[in-house]
Amino acid sequence: MPVEALSPVPKADVPLSARDFKSDQEVRWCPGCGDYAILAAVQGFMPELGLARENIVFVSGIGCSSRFPYYMNTYGMHSIHGRAPAIATGLATSRRDLSVWVVTGDGDALSIGGNHLIQALRRNVNLKILLFNNRIYGLTKGQYSPTSEVGKITKSTPMGSLDAPFNPVSLAIGAEASFVARTVDSDRAHLTEVLRQAAAHPGTALVEIYQNCNIFNDGAFDALRDRRRAEDAVIRLEHGRRIRFGADRAQGVVRDPGTGDLRVVTVTPDNEAQVLVHDAHGTNPTAAFALSRLTDPDTLHRTPIGVFRSVARPVYDALMSEQLETAVERHGKGGLAALLAGTDTWTVESP
């Protein structure tokens, strides 16, 4: 379904290029940071939307990733820690003529901002949330984050982290998110395709992006970035295709008939028919959730990337607009306050 069919956002008068989306601000991340690759991919993708720049907004919280709005030649807001989804929700629901994007990090989104994130996901507000996950606090100089693996030695956990990490994809699917995907900063083609599908989705789209912090957590995703190692480590999800990976696609994902869990097998003529066909549009999130649990959190062995879930659900801002229109029809333009107050009100008069 084309993007224009999903949104009333005005189109640009003239075709735009990636250069049009580059601001005049000096990009100030550490040399070699994965954020550069993500920024370039987003700037290169934005012209595909065909939208006027003044109708695109990037909202961020606090963290290295949250500098993003400065570098996009669109409207933007560098907001407060963890609250970007809440601020973006207000903007998206009050200005449906805008394309609203949230840029956040694993600390910003999953620690102080955890509640705001899951509320936006369950409401299905028309937002696109890019969650940069480097499994560390980068801006504050290398403390462990909500996605750091158990035993992670950092400045704030010198004897190793005791906290079990969040799996952002599992969290989002559990919150009934209508679109959930994962990609990697170093794979621009895959990242762009996931952005394309997220932009076309009506409602909240969460895209987790594995992003390398070469200063405080360098090499965290080498298993997925090195071509030879990635053959056995990365499971590329494609809707409608059997879930196979590895050299010559010799490995496949099947459902254990005894436990119902997913497991990886070597594909043979005898079990080939049992290899699961990925259904990103299935209304039941069970299979998508099970796929999100395949990843070993320590080694990242067998990490699925791609779109886990993309289902149609009512969009919150559209439903809210319908309620407002109905209220005006029933009570007139000045009757909204009376409707909200209801009948359980009274006036206190001074003697």
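Is Phe68 buried or exposed? I looked this up in a predicted model. Phe68 has 0% relative accessibility, so I count this residue as buried.

**Entry: ring pairs of Phe68**

I next looked for the ring partners of Phe68. The rings of Phe68 and Phe132 have centres 5.9 Å apart, with 85° between their planes. Planes over 60 degrees apart count as edge-to-face, so I noted the pair of Phe68 and Phe132 as edge-to-face. Phe68 sits in helix α2 and Phe132 in strand β4 (residues 127-133), so the pair ties together parts 64 residues apart in sequence. I put Phe132 down as buried because its relative accessibility is 1%.

I then listed the structure's aromatic pairs and found eight. One of them joins Phe68 to Trp29, with 6.4 Å from centre to centre and 40° between the planes, a tilted arrangement. Trp29 belongs to the segment before α1 (35-49) and Phe68 to helix α2 (residues 68-71), so I recorded a link between distant parts of the chain, 39 residues apart. Trp29 is at 6% relative accessibility, so I count Trp29 as buried too.

Which residues do the ring pairs link into a cluster? I wrote down Trp29, Tyr36, Phe45, Phe58, Phe68, Tyr71, Trp101 and Phe132.

**Entry: a charge over a ring**

I checked Arg123 and found it over the face of Tyr316, at 6.0 Å from the ring centre.

**Entry: helices α3 and α5**

I turned to helix α3 (residues 84-94) and helix α5 (residues 114-123). Their axes come within 7 Å and cross at roughly 35°. From α3, I listed Pro85, Ala86 and Thr89 as making the contact, and from α5, His116, Leu117 and Ala120. Sorting the residues of this contact, I got four nonpolar, two polar and no charged.

Terms used
Residues are numbered from 1 along each chain as its sequence is written. This is a predicted model: local features need pLDDT of at least 70, side-chain atom pairs count only at pLDDT 80 or more; totals for chains, interfaces and linings use all residues. Side-chain values use heavy atoms; hydrogens and water are left out. Rings of Phe, Tyr and Trp (its six-membered ring) pair if their centres lie within 6.5 Å; planes under 30 degrees apart count as stacked, over 60 as edge-to-face and the rest as tilted. Helices (H or I, at least four residues) and strands (E, at least two) are DSSP runs, numbered from the N terminus. Buried means under 20% relative accessible area, exposed over 50%, partly exposed in between (1.4 Å probe, protein chains only). A charge sits over a ring if NZ of Lys or CZ of Arg is within 6 Å of the ring centre and within 35 degrees of the ring normal. Axes are lines fitted to C-alpha atoms, for helices over the stretch in contact, and angles run from 0 to 180 degrees between N-to-C directions. Contact means heavy atoms within 4.5 Å. Ala, Val, Leu, Ile, Met, Phe, Trp, Tyr, Cys and Pro count as nonpolar, Asp, Glu, Lys and Arg as charged, and the others, Gly among them, as polar.
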